[in-house]
Amino acid sequence: MFDKILIANRGEIAVRIIRACREFGIKTVAVHSTADAEAMHARLADESVCIGPPTPRESYLNIPAIIAAGEITNANAIHPGYGFLSESADFATIVEEHGFIFIGPSPTHISLMGDKIRAKQTAVELGLPVVPGSTEALENAAAFAESADEIGYPVLIKAVAGGGGRGMQRVDRREELAAAAATARAEAEAAFGNDALYLEKLVAAPRHIEVQVLADQFGNAVHLGERDCSLQRRHQKVLEEAPSPALDPRQREEIGARVSTAVRELGYRGVGTLEFLYEDGAFYFMEMNTRIQVEHPVTEMVTGIDLVQEQIRVAAGEPLAIAQEDVRFDGHSIECRITAEDPDTFRPSPGTVSGYHTPGGPGVRIDSALYDGYRIPPYYDSLISKVIAQAGSREACLMRLRRALEEYVIQGVSTTIPLHLRLLASQAFAESAYDIHWFERFVTETGDGPAP
Ligand code: MV4
């Protein structure tokens, strides 16, 4: 096992990784920007190294500074967390060239899944269901028109380097195709420096269901069930739960078995998530995320498995400690992402936390880097806390989560706790009667803020 791990991240996920390391007896190195000198992760780690100015490009994305921090502290391995450099094949390669272990999959698997067309082709080869669409990048108007006619309208234009919904364009008629393709190409070039595009049939009102997997280098792969992440706003997840209330046990077992077989055949190592659209009983593979995800705690709560510790274990070359038949699912878990934003307008609300009290009690977990007196810097993601509840049933979990949110006191900044309480009180949430578009309407129809 490793002696010392450098965490190339900040905020709640850096704290989460430090906790996993400490329970393994592994020493930790935090890296931080000048804006994060007083941040929880920098205080909690055994050592901290300042790697640059507040701007992510100059600190948390600054590969030479992070490598230098690993060298001066004698770290054995680097954990990238999520976001920042977590899905950069170049970073993983450089980390390994400098003699560190990258806690994640191989650079080859990262870059394969980063190319959304190659990822989809791979999914087809592995026997996973995909959305009908073009099997190659489309170069010109004629190629778009031919492909769209074959697929049938409405279609969705997507960026090959995309993900997270950036650069997508819905097209309902052939007359709109050329203009939409031009817009998508400009957006993709601006966002990813890669203007390659492809087409898919639009799945109009699906759920977003993702399957968690875990694999070692010895060909062992297990699935840890699914998460339902259908509640989103502008491609940012708001609330996630496990299991999905939209699936029955047969569908769950079937998709889980298909995914774990696929991941084993792929020769994948580490934690991963396969994202699907789910509509009318059918699954459609969209993307595979090759990192630990924000919403991993709901899976941990229902399986009792520490995903970050498993990630570290397999990166250290050890075999998985669990087989599929050891994976048991216990009850239900829901996570609310609390952001420092106005709950009606979603304007960011950085500032100083002037009063702080966290909920506790049975079945409640808080993943956060907040503390009383902390100054939330304006430079980073507005996620400040994740409130996760677990209980025997979805109904009991909902009651417990509401209770926890009501106990939570965060003074000095606006948070989305009131929005979460409104969501948990809605009939549609209680009945699981929603698709990926429902929450945006809920926000504009029930909020106090101005309509967009
Ligand atoms: C889709 C889709 C409908 N049909 N693909 C959004 C993020 C990116 N990962 C893919 N996304 C979508 N792809 C087809 N063929 C709808 C979305 C989508 C979405 C997906 C999951 C959760 C929320 C979403 C919100 C808008 C669009």
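A polar contact is a pair of N or O atoms within 3.5 Å; within protein, one must be able to donate a hydrogen and the other to accept it, and residues adjacent in sequence count only if both atoms are side-chain atoms. The model is predicted, so local features need pLDDT of at least 70 and side-chain atom pairs count only at pLDDT 80 or more, while totals for chains, interfaces and linings use all residues. Residues are numbered from 1 along each chain as its sequence is written, and side-chain values use heavy atoms, with hydrogens and water left out.

**The ligand**

The ligand has 18 residues around it, and those that come nearest are Lys158, Glu200, Lys201, Val203 and Glu287 (near: a heavy atom within 4 Å).

| Residue | Group with the N or O atom | Distance |
|---|---|---|
| Glu200 | side chain | 2.8 Å |
| Lys201 | backbone | 2.7 Å |
| Glu287 | side chain | 2.9 Å |

Taken alone, the ligand exposes 530 Å², of which the protein buries 92% (Shrake-Rupley method, 1.4 Å probe). At least two shell residues come from each of strands S6 (155-159), S8 (197-201), S12 (270-279) and S13 (282-289); strands are DSSP runs (E) of at least two residues, numbered from the N terminus.

**The sheet**

Note on methods. Helices (H or I, at least four residues) and strands (E, at least two) are DSSP runs, numbered from the N terminus.
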